[in-house]
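I opened my notebook for a friendly look through this one. Here is what I looked up, in the order I went.

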Amino acid sequence: MNFIKNNTKNEKTNTEPSPKTKTSSAPLRNRGLLSAITPIGIEFNKNEFALGENYCRIYSVIKYPPEVSIGWLSRLTGIPGTIVSISVTPIDNADFSNTMSRTVSEYRAAAESTKDQLERSRKIKAADDAEKIMKQIDQDNGNASGFGLQIMVLSRDKEDFTDKCSRIESAANALGCRVRILSNLQKDAYMHLSATYPQQKIINDIIERPFLLSTFTGGYPYAENGFCDTEGYYLGKNSSGGIVLFDLWKRSTTRTNSNITLVGDSGMGKSTALKHLILSEAARGTKIIIIDPEGEYKEICLSEYIKGKWIDVAGGRGGVINPLQVRPAPRDDDEEEKGVKDQGVDLSGVGDLAIHLKTLDTFFSLYLPSLTDSHKALLELVLIELYKQFGITWDTDVTKLKNAVYPTFTDLYNLIHGKKETDKSKFALYDELELLLSSAANGADRGLWNGQTTIDGNSNCICLDTKAVTSMGSRILSAQYFNVLSWCWQEMSKNKTERVMLIADECWMLIDPRCPQSLEFLRNAEKRARKYEGSVVVSTQQLVDFLDPQVKMYGQPVLDMPTIKLLFSLSGKGLEEAVEVFGLNTAQTELVGSKQRGAALMNIGAQKMKIQFSFSDERLAMFGKGGGR
Ligand SMILES: Nc1ncnc2c1ncn2[C@@H]1O[C@H](COP(=O)(O)OP(=O)(O)OP(=O)(O)O)[C@@H](O)[C@H]1O
Ligand SMILES: [Mg+2]
C-alpha cells in the first residue's frame, strides 16, 4: 500500500494556472501532481532525473532514530516542494516478535564479546530498544508493519532544487535519520513512489523497515507545517516555508474579533502587507474603507482589480465630510446592541445627538486645543440651539435624515455672531469663540469642513486620501483624521451583516496627547466592530504616541485588543516598547529586531509565528508604485 503526500500543491512554480486557463470555470488543477504522473518527457541520470521541465531527485530513508518524539516524521514529510511516499506492508506480529527476539540475542552477544566500551553500550541500548518493542507487541497489543519512506524533490529552478535537496538532508540529519539517493536506481525509485506503479521489490528490499504502527502514525507524517484556516487566502510563508492560509473572519475561542494591529519602522512592509489584504479581501466581497494619510492607495483603489472610489478629503476638491452632521459613534458598553430605537433614543437612553455632541467635543479639542472649559460649555449650548433650529432634537432618529438637513460651519458661526449681540453678558466668550471658529467658517480651513457632506460611501472600496492635510499642521491633521474616522464608523455600522474592513494607516497621526478621546473612539470602534461584521485595521510606525501616559489607557487597548497582530521590524525605543507591550520573549525580540523587510512576527489568537510576506513580481506590480521602493 502506498500513501502519497504532495507538498508541492501550493508551490508557485507548480500550481500557477496557465494564462489561457479560465480560472472561474476551469476545475482546479494540481499541476505538480499532473506533471508527476503525466510528464512530457523523462530522462534518468545517476542521482537525479528530469521530469518535463522539473529537476527531480528521490531520497530514500534507510535508517531511523532509535527514539522519537510525537510528530517526529512531520519534520521530514512536510517540507514544501516535495512529494512524499510511504509504503506499508503488513507483517505478522508473531514473525516480527521472533525476528526481534533473535535481534535482541544478537545484540546482547555482540555486547558481551566486544572490548570497546562505547560499542558495548550502543549494543546494550539497541537490545533494550528491541526488547521494548517486543514487549509492546506481546503485552500491549501493538501492531507492527514494514514501512518505507521516500521523498521526491521537484522544482523547475536549479537553485531552488539544490536548496530543497539540502533542506531534506539537513532535516534528516537533525532527526537522526539517514537518507540516501540510491544511485542508478532513480527510475526504480520513481516507479516505486508513483501512484501508477506497484511497489518495486528492489527498492522495497532496501528501504523497508519494521515499525510499530503507533510509532509511525504518532510521527504525524500527514501534518501540514503551514498555517491553515481552512478558508481564506494566501497571506505569506512561515519560517519553514509553509503556506499561511488566512481567514480574517474566522472566529474561535482565541479569535474573538477580526481586528489587526500592524507595527513597524518605516519601509518595513506594513502598507505592502495591507495592499495584499485589500486585494484579497476585495476579491472575497468585503467592503474596504481606507484612511490614507500618505496618498499611496490611490493606484490600487482605482485599479481594474478593485474599481473603487478615491476621494481627496483635504479641502473640498474631492469631498467634504461635515463635522456637524450627526453621526452614530461606537459606544463603550458591553451590552449587545439590540438595534431597537424609539424615535432616535436607543435602549441605553442616549440619543444620537447626545452621542454626537461628545464626538464634536473631541473634534474641537483636536482642532482648537486652546478652547477652555468655558468655551466648550458655551459651544455645546450654541450647538444644541443650532440643531434645534434645524429640527434636530435629543429624540431625533438621524438614520433617516439626508446630508442636506444639517447645519454647516457658516450656520454655527452666524449663530454665535448673533448671540454675541443679543447676550451681552457673555460677549467676551462669544467673541473668542467667533474668532476661533472663523477659519473653519470663512478662512483657510473652510474648504475642509464648511459645507454639507458631499461624499457617499456607495462603493466596494473607498479610499479617503488625507495627504494634502499633512502640510496644514498636526492640529488640523488629527482633527480631520478623526472626522474621517467618525464618517467611516457610520459606514461600517450601517449594515450589520455586511463585511467591512476599515484600514487606518499611519494611525499615530490621529493622536494628540491632550485629547485621549480620539483614541477612546478608536478603541470603542475596535470593541464594537465584531458585532457589525467589521474589521478595524490599525497600522502605525510609532508605539510611543499610543503609550504616552496621557492616552495610554486607550492607546494600549487599541494595540492590544486585535486578535491579529503583525510586528514588522522595529529598532531602538520602538523595539523596547514592543517587548513590553506585546510580551515578547528573546527569540521573538530577535526576530522583530532583525531588520528584515517584509518579515513579521504574527500573533494570531494564541499562536505566535514568523511570517514572510513573499509575493511574486506580478502581485507586487498590482500594489502600484505609491509605497516607493
Ligand atoms: N513583502 C515585500 N516584498 C517585496 N517588497 C516589499 C515587501 N514589503 C515592502 N516592500 C518594498 O518596500 C517598500 C516600502 O514598504 P511599505 O510601503 O510597505 O513600508 P511601510 O512599512 O508601510 O513604511 P511606512 O511606515 O514608511 O509607510 C515597498 O514599496 C516595496 O517596494
Ligand atoms: Mg506605509
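**Notebook: overall make-up**

I began with the inventory: the protein has 23 helices and 22 strands. Helices (H or I, at least four residues) and strands (E, at least two) are DSSP runs, numbered from the N terminus. I am reading a predicted model, in which local features need pLDDT of at least 70 and side-chain atom pairs count only at pLDDT 80 or more, while totals for chains, interfaces and linings use all residues. Residues are numbered from 1 along each chain as its sequence is written, and chains are lettered from A and ligands numbered from 1 in the order in which they are written.

Next I checked burial: of the 629 residues, 40% are buried. Buried takes 20 or more other C-beta atoms within 10 Å of a residue's own, exposed 12 or fewer, and partly exposed lies in between, with C-beta atoms placed from the backbone.

I then looked at contacts with a separation of 6 or more, and 75% of them join residues 24 or more positions apart. Two residues are in contact if their C-beta atoms, placed from the backbone, lie within 7 Å.

**Helix pair α4 and α5**

I turned to α4 (residues 93–113) and α5 (residues 117–139), whose axes come within 8 Å and cross at roughly 160 degrees. The axes are lines fitted to C-alpha atoms over the stretch in contact, with angles from 0 to 180 degrees between N-to-C directions. I therefore noted α4 and α5 as roughly antiparallel (over 145 degrees; under 35 is roughly parallel, 65 to 115 roughly perpendicular, the rest oblique).

Which residues make the contact? Among them I listed Phe96, Met100 and Tyr107 of α4, and Ile124, Ala127 and Met134 of α5. The contact residues divide into 13 nonpolar, 4 polar and 5 charged. Here Ala, Val, Leu, Ile, Met, Phe, Trp, Tyr, Cys and Pro count as nonpolar, Asp, Glu, Lys and Arg as charged, and the others, Gly among them, as polar.

I found strand β10 (residues 233–237) joined to strand β11 (residues 243–246) by 4 bridges, running antiparallel. Strands pair if DSSP finds at least two bridges between them. Lys237 stands opposite Ile243. The hairpin has 5 residues between its strands, and Gly241 in the turn has a positive phi of about 85 degrees.

Most residues other than glycine have a negative phi. I noted Leu182, not a glycine, with a positive phi of about 55 degrees, and Asn184, also not a glycine, at about 65 degrees.
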